[in-house]
Amino acid sequence: MKKIIVSDPTLRDGNHALGHQLNVRQMVMYAAASDAAGVAIVEVGHGNGLGASSLQVGESAIEDLAMLGAVRAVLKHAKLGVHIIPGFGTINKNLKPAIEAGVDVVRVASHCTEADTTQRHIGYAREKGRVAYGVLMMSHMAAKEVLLNECRKMESYGAEAVVLMDSAGAYLPADVSERIGFLARNLSIPVGFHGHNNLGMAVANSAAAAEAGATLLDGSARGLGAGAGNTPLEVMIAVLHRMGYSTDVDLYKILDAADLAERHLMPKIPTISSLSIASGLAGVFSGFAKHVERVAAEYGVDAREVFRELGNRKVVAGQEDVAIEVAIELAARKGEEK
Amino acid sequence: MPRLNVAILGSGNIGTDLLIKTMRSSLLRCVLFVGRNLQSSGLAKAGSLGVPISWRGIEAIVEKPHICDLVFDATSALDHQTHWPILDRLGKIVVDMTPARLGAMCVPAVNRDSCLEKRNINMVTCGGQAAIPLACAIRQSHRDVSYVEIVSSIAARSAGPATRINLDEYVETTEKALVALSGCRRSKAILILNPADPCINMQTTLFAKVAQPNLERCRAAVAVMEKKVQDYVPGYQVIVPPIYENGRIVIMVRVQGSGDHLPTYAGNLDIIDCAAVAMAEAIARKHFHVTPQTKNGPGL
């Protein structure tokens with residue numbers, strides 16, 4: 001039976017949905033449930049990872065190290081994972097103390113064409129004896145040949161697996177099969193997939209990734225994540241088991257964990273809002289949703305138009321500030337037309 | 001008219017752009033352009049412009065120390081740590097283009113004069129050059145600035161290998177310079193590489209937390225600062241003047257380059273290189289007690 005390693009970013013990506021306000025009590029409660037269900041990696045942090053608490057993306061309710069310490073203490077089997085984007089977090093300020101706090105898996109992320117920015121961070125994690133993965137965000141923006149080249153760079157820096165993120169929720173299953181299949185055929189390290197649900201495709205895309213050769217899949221409880229949310233973990237597990245994959249995850253226990261997350265973590269279950277669909281179609285990072293909604297209301301413009309213009313400008317994760325400029329520009333244009 | 005003899009160490013994007021800018025200056029003469037690979041396009045470019053070249057790295061200056069008074073170090077933060085003690089021993093003034101932060105952090109619009117006597121002048125980072133004048137303008141118009149955060153987006157194609165390997169130094173140097181030069185209490189810097197084609201212009205957004213925002217005073221101070229920077233970076237432009245949004249002051253600037261080495265989108269190259277040339281020229285003037293022929297002469 002083919003085996004899938006399951007990584008759970010509820011306590012990291014889920015923070016996007018909650019304005020980065022998850023508290024220690026919530027984190028500890030969910031981490032323990034996810035651990036008990038048999039998830040391999042529990043990811044913790046600000047939505048954009050280590051050192052990303054900011055006015056640009058949102059300020060965390062608690063310090064990175066407080067989250068890591070608390071969750072570390074309750075994990076019995078699962079590995080403790082973090083996400084770090086060079087340009088946001090640095091080795092000295094963020095990665096070094098996180099590793100000292102007991103992080104096992106370091107997922108170093110870059111925009112899908114900028115893998116060479118991850119070299120030192122991947123190298124550092126390996127040097128410290130930790131597992132290091134390379135993560136390519138916004139992967140719909142590059143062709144499969146380009147992605148392969150970037151993955152090979154990450155492998156050469158020491159990455160032990162590479163994960164493609166559908167950060168905008170823009171993929172259809174055929175897109176995933178094509179890219180993941182190409183990478184799995186041409187790389188010697190495991191390939192992973194992280195889905196977003198803007199077009200309702202997250203579970204189908206994750207299943208397609210597994211069929212195409214991915215052996216590492218991300219999913220979060222009830223899909224808790226940016227915008228329309230991630231791949232709902234409990235659905236993904238059920239589907240993978242139906243398809244004949246083994247995951248080490250106990251279905252009933254992960255259903256319990258999802259129920260617990262629904263009760264204690266989320267003010268509302270992520271849904272595919274109309275704006276999330278516009279975001280997915282525009283190919284813009286789902287995490288922009290809250291920012292776009294706010295500035296669109298403030299400047300009296302259509303949030304969907306803001307997304308469309310952001311898509312035209314090909315903004316990448318981390319460029320949330322551009323939403324303000326676009327809203328001001330659209331408002332000015334609207335003023336001229338009147 | 002006498003000129004200050006300068007050498008450029010590093011034949012990447014920054015070094016090559018600096019070369020073109022120094023050649024336009026009436027106060028500087030580039031006497032040596034140094035790389036480490038004879039095949040590099042930077043060396044070929046310098047050769048074609050008739051500038052003496054070497055591929056032997058810092059050794060080229062050690063062997064002929066008398067030829068220059070000032071060295072621009074456009075290598076990498078790690079390399080600069082090796083270069084500085086050597087250049088210091090040779091008695092050179094060094095303008096450090098890397099985020100190594102061994103020398104005095106310098107943003108000409110903010111602290112040009114206090115850096116003139118320094119032997120190692122650190123040009124901070126492109127984001128620092130764009131944002132620190134704005135942070136100072138906010139500080140001038142507010143009693144207490146508790147936090148400043150800057151986000152710079154640059155075209156991926158304008159970021160060479162040294163820039164990419166130095167992202168951590170970029171972040172930490174920019175953050176330290178923000179606090180040291182503007183007097184804000186806390187700072188954060190974020191750098192984004194954007195691969196869009198056609199390439200995006202360099203853009204920097206500054207967010208600030210202040211106790212009692214005074215937008216009117218802030219706008220006036222930002223306008224004055226914008227002019228000061230434009231004196232040496234012609235493509236520097238405030239595109240969103242101070243607004244108060246979501247509990248924070250927001251200002252956005254765009255930097256268009258002059259298209260010397262890379263096309264005009266590479267404002268990140270232009271702003272730090274223009275700042276470095278402005279400093280070298282100020283040093284030349286002090287050194288020779290000369291003033292440029294015309295006030296708006298080339299390279300100023």
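A residue is called buried when its relative accessible area is under 20%, exposed when that value is over 50%, and partly exposed in between, with a 1.4 Å probe and protein chains only. This is a predicted model, in which local features need pLDDT of at least 70 and side-chain atom pairs count only at pLDDT 80 or more, while totals for chains, interfaces and linings use all residues. Residues are numbered from 1 along each chain as its sequence is written, chains are lettered from A and ligands numbered from 1 in the order in which they are written, and side-chain values use heavy atoms, with hydrogens and water left out.

**Stop 1: a salt bridge within chain B**

Please select B:Glu117 and B:Lys286, whose side chains form a salt bridge with N and O 3.3 Å apart. A salt bridge here is a side-chain nitrogen of Lys or Arg within 4 Å of a carboxyl oxygen of Asp or Glu. B:Glu117 sits in the loop between helix H5 (108-115) and strand S7 (120-122) of chain B and B:Lys286 in helix H10 (residues 267-288) of chain B, so the pair ties together parts 169 residues apart in sequence. Helices (H or I, at least four residues) and strands (E, at least two) are DSSP runs numbered from the N terminus. B:Glu117 counts as exposed because its relative accessibility is 63%, whereas B:Lys286, at 36%, is partly exposed.

**Stop 2**

Next, select B:Asp197 and B:Arg157, which meet in a salt bridge of 3.4 Å, N to O. B:Asp197 belongs to the loop between S9 and S10 of chain B and B:Arg157 to the loop between S8 and H7 of chain B, 40 residues apart. Both B:Asp197 and B:Arg157 are exposed.

**Stop 3: a buried pair**

Now select B:Glu245 and B:Arg248, joined by a salt bridge at 2.8 Å, N to O. Are these residues buried or exposed? B:Glu245 is buried, because its relative accessibility is 0%; B:Arg248 is also buried, at 5%.

**Stop 4: where the chains meet**

Display both chains. The contact (heavy atoms within 4.5 Å) involves 38 residues of chain B and 39 residues of chain A. The chains bury about 3,000 Å² between them, 52% of it on carbon and sulfur atoms; buried area is the accessible area (1.4 Å probe) that two parts lose on being put together, summed over both. In chain B, the residues that lose the most area to chain A are B:Arg164, B:Asp168 and B:Glu245, together 17% of what that side buries.

Select B:Arg164 with A:Asp116: they form a salt bridge whose closest N and O atoms are 2.6 Å apart. Between chain B and chain A the count is 7 salt bridges. Strand S9 of chain B gives the most to the side that touches chain A, with 7 residues.

**Stop 5: B:Asp168**

Select B:Asp168, in helix H8 of chain B. Which side chain of opposite charge is nearest to B:Asp168? A:Arg120 is, at 5.1 Å, and B:Asp168 is buried yet has no salt bridge; in this count Lys and Arg are positive and Asp and Glu negative, with His and the chain ends left out. A polar atom of the B:Asp168 side chain lies 2.7 Å from the backbone nitrogen of A:Ile91. Leaving aside neighbours within four places in sequence, B:Asp168 is in contact with residues including A:Gly89, A:Asn92 and A:His121.

**Stop 6: a network**

Finally, select A:Glu309, A:Arg313, A:Glu325, A:Glu329, A:Arg333 and B:Arg254, which are linked in a network of salt bridges.

How values were computed: A polar contact is a pair of N or O atoms within 3.5 Å; within protein, one must be able to donate a hydrogen and the other to accept it, and residues adjacent in sequence count only if both atoms are side-chain atoms.
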